[in-house]
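Please look over the sequence and the structure shown below before turning to the notes.

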Amino acid sequence: MRRSDREITDMDRIMEIVRRQGVCCVAFQNTPCPYLIPMNYGAALENGRLTLYFHGAAVGTKLDRLNADPHVSFTIVGGSQVSLNFEEACRSTAGFDSVCGTGTAELVPAEEKRKGLAVIMNHAAECEALAAGDGREDQKALPFSENSFSDQAVEAVTVWRIAAASITGKHHD
């Protein structure tokens, strides 16, 4: 990173950014260029490492790409705000928070799918509460447990995760 004054290395600050956002863009290996897709996600800190959970159909391009090469890149961006300088356009700037990383994507085994779905849904609930600003984000009880999903719903989806191998954050006012 060229601007070390904007770099975030503290995992608590990185997780704060991750928890506040609802969309993660994942880039899968593909020739001649990456296959990039924005997705809803759930985030967990597992053994000190960021793990992102996703769900989707049992067939499709994402799974084809994941099966062909599990190495992925991802980015989460939030709080973007453009500040225009009308007198000197080159002095315009944008503020934002971002988290970028790489990792290996893998399908979640059937016995762990409920956990992944709960992480995804609890993340969505936290994002909704933060956006509403009504104090629900301070509640310790998570609304979704592994028992929140019917067998039929669990069987109908594929759950996969990215264990982050490298990660960096950036903050710019």
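Which type of contact do the side chains of glutamate 46 and lysine 115 form? The two side chains meet in a salt bridge, with an N to O distance of 3.1 Å. Glutamate 46 belongs to strand 4 (residues 42–46) and lysine 115 to helix 3 (residues 113–132), so this pair ties together parts that are 69 residues apart in sequence. The model is a predicted one, and the points below describe it by topic.

**Overall architecture**

- The protein chain contains four helices and eight strands.
- Read from the N terminus, its elements follow the order β-α-β-β-β-β-α-β-β-α-α-β.
- The C-alpha trace spans about 60 × 45 × 30 Å along its principal axes.
- Of the 173 residues in the protein chain, 34% are buried.
- The accessible surface amounts to about 10400 Å², and carbon and sulfur atoms account for 49% of this surface.
- When contacts between residues at least 6 apart in sequence are considered, 73% of them join residues at least 24 apart.

**Nonpolar cores**

- In soluble globular proteins, nonpolar side chains tend to be buried together.
- The largest nonpolar core in this model has 25 residues, and those with the most contacts inside it are Val18, Leu52, Phe54, Trp160 and Ile162.
- Two or more residues of this core come from each of helix 1, strand 2 (23–28), strand 3 (35–40), strand 5 (49–56), helix 2 (61–68), strand 6, strand 7 and strand 8 (158–172).
- Helix 1 provides the largest share of this core, namely four residues.
- Another core, of 11 residues, lies apart from the largest one and includes Tyr53, Ala118, Val119 and Ile120.

**Helix 1**

- In helix 1 (residues 11–20), the buried residues are Ile14, Met15, Ile17 and Val18.
- Because these residues cover an arc of only 155° around the axis, they are on the same side of helix 1.

**Leucine 52 and isoleucine 76**

- Leaving aside residues up to four places away in sequence, leucine 52 touches Val18, Cys24, Tyr41, Gly42, Ala43, Phe74, Ile76, Trp160, Arg161 and Ile162.
- Isoleucine 76 is found in strand 6 (residues 71–83).
- With a relative accessible area of 0%, isoleucine 76 is buried.
- Beyond residues up to four places away in sequence, the contacts of isoleucine 76 are Val18, Gln21, Val23, Cys24, Tyr41, Leu52, Asp97, Ser98 and Val99.
- Isoleucine 76 and threonine 51 are 25 residues apart along the chain, and their C-alpha atoms are separated by 13 Å.

**Salt bridges**

- A search of the whole structure finds four salt bridges.
- Lysine 115, the partner of glutamate 46, counts as partly exposed because its relative accessibility is 31%.
- Arginine 161 forms a salt bridge with glutamate 106, in which the closest N and O atoms are 2.7 Å apart.
- This pair links distant parts of the chain, with arginine 161 in strand 8 and glutamate 106 in strand 7, 55 residues apart.
- Is arginine 161 buried or exposed? Arginine 161 counts as buried because its relative accessibility is 12%, which is under the 20% limit for buried residues.
- Glutamate 106, by contrast, is partly exposed, with a relative accessible area of 37%.
- Aspartate 151 and arginine 114 also meet through their side chains in a salt bridge, at 2.3 Å from N to O.
- Aspartate 151 is in helix 4 (residues 151–156) and arginine 114 is in helix 3, so the pair ties together parts that are 37 residues apart in sequence.
- Arginine 114 has a relative accessible area of 21% and is partly exposed.

- Because its relative accessibility is 54%, leucine 84 counts as exposed.

Conventions
Residues numbered from 1 in each chain as written. Predicted model: local features only at pLDDT ≥ 70, side-chain atom pairs only at ≥ 80, totals over all residues. Heavy atoms only, no water. Buried < 20%, exposed > 50% of the residue type's maximum accessible area, 1.4 Å probe, protein only. Contact = heavy atoms within 4.5 Å. Arc of directions from axis to C-beta. Areas by Shrake-Rupley, 256 points an atom, 1.4 Å probe, with all protein chains shown as cover. Core = buried A, V, L, I, M, F, W, Y, C linked by side-chain atoms within 4.5 Å.
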